[in-house]
Amino acid sequence: QVQLVESGGGLVQAGGSLRLSCVASGRIFSINAMNWYRQAPGKQRELVAGITSSGSPNYADSVKGRFTISRDNAKNTVYLQMNGLKPEDTAVYFCNADISNALGRRWYWGQGTQVTVSS
């Protein structure tokens, strides 16, 4: 069974920083793309940043220049460094990964970690 577990969320003042981590565990052959999504109360889940297996990143316009996605393939981990946080970044942040194992290839989701930015 594959699991994704996020950590690193919390309460921070506007302008502050947080670093989110997401570790994939279980019977994994390979991890392809990995993404960070977020969902604020009353809003749809949105893609924040993604990174390919070779390390090419992409970002939502709202976070460009403030957030950095990276991954450590040896540790099956994806990170999201968030700087210059704004109250509108408040949301539950989820990681999502395209994983291959003995059962095939599919997308998996973590349980989410809360990020709250106070003004």
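How many residues lie between β4 and β5 in the hairpin that they form? The structure is a predicted model, in which local features need pLDDT of at least 70 and side-chain atom pairs count only at pLDDT 80 or more, while totals for chains, interfaces and linings use all residues. Residues are numbered from 1 along each chain as its sequence is written, and side-chain values use heavy atoms, with hydrogens and water left out.

The hairpin of β4 and β5 has 6 residues between its strands. Within this turn, Gly42 shows a positive phi of about 75°. The two strands, β4 and β5 (residues 46-51), run antiparallel and are joined by 5 bridges; strands count as paired if DSSP finds at least two bridges between them. Arg38 stands opposite Glu46 of β5. Strand β4 also pairs with β9 (residues 91-101), in the antiparallel sense and over 8 bridges. In that pairing, Gln39 has Val92 of β9 as its bridge partner. Strand β4 (residues 30-39) is mostly covered, with 7 of its 10 residues buried, where buried means under 20% relative accessible area, exposed over 50% and partly exposed in between (1.4 Å probe, protein chains only).

The protein as a whole contains 11 strands and 0 helices; helices (H or I, at least four residues) and strands (E, at least two) are DSSP runs numbered from the N terminus. The radius of gyration is 14 Å, close to the 14 Å given by the globule rule for 119 residues, so the protein is as compact as a globular protein of that length. This radius is taken over C-alpha atoms, and the rule is 2.2 Å times the number of residues to the power 0.38. Along the principal axes, the C-alpha atoms fill a box of roughly 45 × 25 × 20 Å. Buried residues account for 44% of the 119 residues. Of the contacts (heavy atoms within 4.5 Å) between residues at least 6 apart in sequence, 55% join residues at least 24 apart.

Val2 counts as buried because its relative accessibility is 7%. Apart from its neighbours within four places in sequence, Val2 is in contact with Ser25, Arg27, Ile28, Ile99, Asn101 and Tyr108. Val2 and Trp109 are 107 residues apart in sequence, and their C-alpha atoms are 9.6 Å apart in space.
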